[in-house]
Amino acid sequence: MTTSEEASAESSDATAGKRPRRRRLLLLPLFALALVAAFAPFVWVVAGTSGYRHATVADVPERPVALVLGAGVREDGLPTRVLARRLELAADLYFAGKAEVLLVSGDNSVEHYNETDTMRDHLVAAGVPAEHIAADYAGFSTWESCVRAREVFGVTEATVVTQDFHLPRAVRLCRAAGIDAVGVADAAAQERVWATRYGWAREVPAAVAALGTVVFRPDPTFLGRYETAVDDALAAARQDGE
């Protein structure tokens, strides 16, 4: 190969080597944009609810209703550990005088699976009077529980009870549904380290879905007519408190 041919070949190799670097440089802004788009809803959910979320029962302002969100029932009919911790926290709210009644919202869409009655039974076993508990059997999702609490049961103020990783989204959705909602978290990180980390990771895509829910406001699976269960429970609680 002549000198000129060698120079030409070297120049071609250099140009070819620069192309992948240029592509990588062009892809970096796109990657950064995708990263921002993925995490922006999560930041919106967490930052936007920071003033409404509380870590302990003592910090929670009084609300007439505590909304306890369902989280699964075992094959033996008992609540999962996640749900049991929510119910224990709700009972603490009740006995601390931070909530007059408890609204348990769960899934009863199939035969032989009843989150709501399981939740009620667990609270009654903990000492909460049955007449101070209201039940929503069509809380198939966080959004549906919030919408139904507002539209079907007439709840305008509530404390949402769930795990710490789920609480920002739950409070955000309940406030979007028209409830003056605060929340208290079950901080289960020490007991369930990996499950808690997974829960936080799962909230990143869930926050994207929550943003879409807030924008499009889908109707719940079942809306139905107004139910007086919360009104009746409040009346009973206030009569018992006289």
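Predicted model: local features only at pLDDT ≥ 70, side-chain atom pairs only at ≥ 80, totals over all residues.
Residues are numbered from 1 along each chain as its sequence is written, and side-chain values use heavy atoms, with hydrogens and water left out.

I begin with strand β3. Helices (H or I, at least four residues) and strands (E, at least two) are DSSP runs, numbered from the N terminus. Strand β3 covers residues 99-105, and six of its seven residues are buried, so the rest of the structure largely encloses it. Buried here means under 20% relative accessible area, with a 1.4 Å probe and protein chains only.

Strands count as paired if DSSP finds at least two bridges between them. β2 and β3 run parallel and are joined by six bridges; within this pair, L67 stands opposite L103. The chain passes from β2 through α2 to β3 in a right-handed β-α-β crossover. Right-handed means that, with the strands pointing away from the viewer, the path from the first strand over the helix to the second runs clockwise.

β3 also pairs in the parallel sense with strand β4, residues 133-136, over four bridges. L102 has I133 of β4 as its bridge partner. From β3 the chain crosses through helix α3, residues 115-125, to β4, and this β-α-β crossover is right-handed.

I turn now to the nonpolar cores. A core is a set of buried Ala, Val, Leu, Ile, Met, Phe, Trp, Tyr and Cys residues joined through side-chain atoms within 4.5 Å. The largest has 30 residues, and those with the most contacts inside it are V65, L103, V155, V160 and V230. Among the elements that give two or more residues to this core are β2, β3 and β5 (157-163). Helix α5 gives the most, with six residues.

What does L103 touch, beyond residues up to four places away in sequence? Its contacts, meaning heavy atoms within 4.5 Å, include V65, L67, A134, V155 and V230. A second, separate core of 22 residues includes V68, Y94, A135 and V182.

Finally, I consider G72, in the loop between β2 (63-69) and α2 (81-95). Is G72 buried or exposed? G72 counts as buried because its relative accessibility is 12%. Leaving aside neighbours within four places in sequence, G72 is in contact with P79, T80, L83, Y113 and E115. The C-alpha atoms of G72 and T118 are separated by 9.5 Å, and the two residues lie 46 residues apart along the chain.

Technical notes
Buried < 20%, exposed > 50% of the residue type's maximum accessible area, 1.4 Å probe, protein only.
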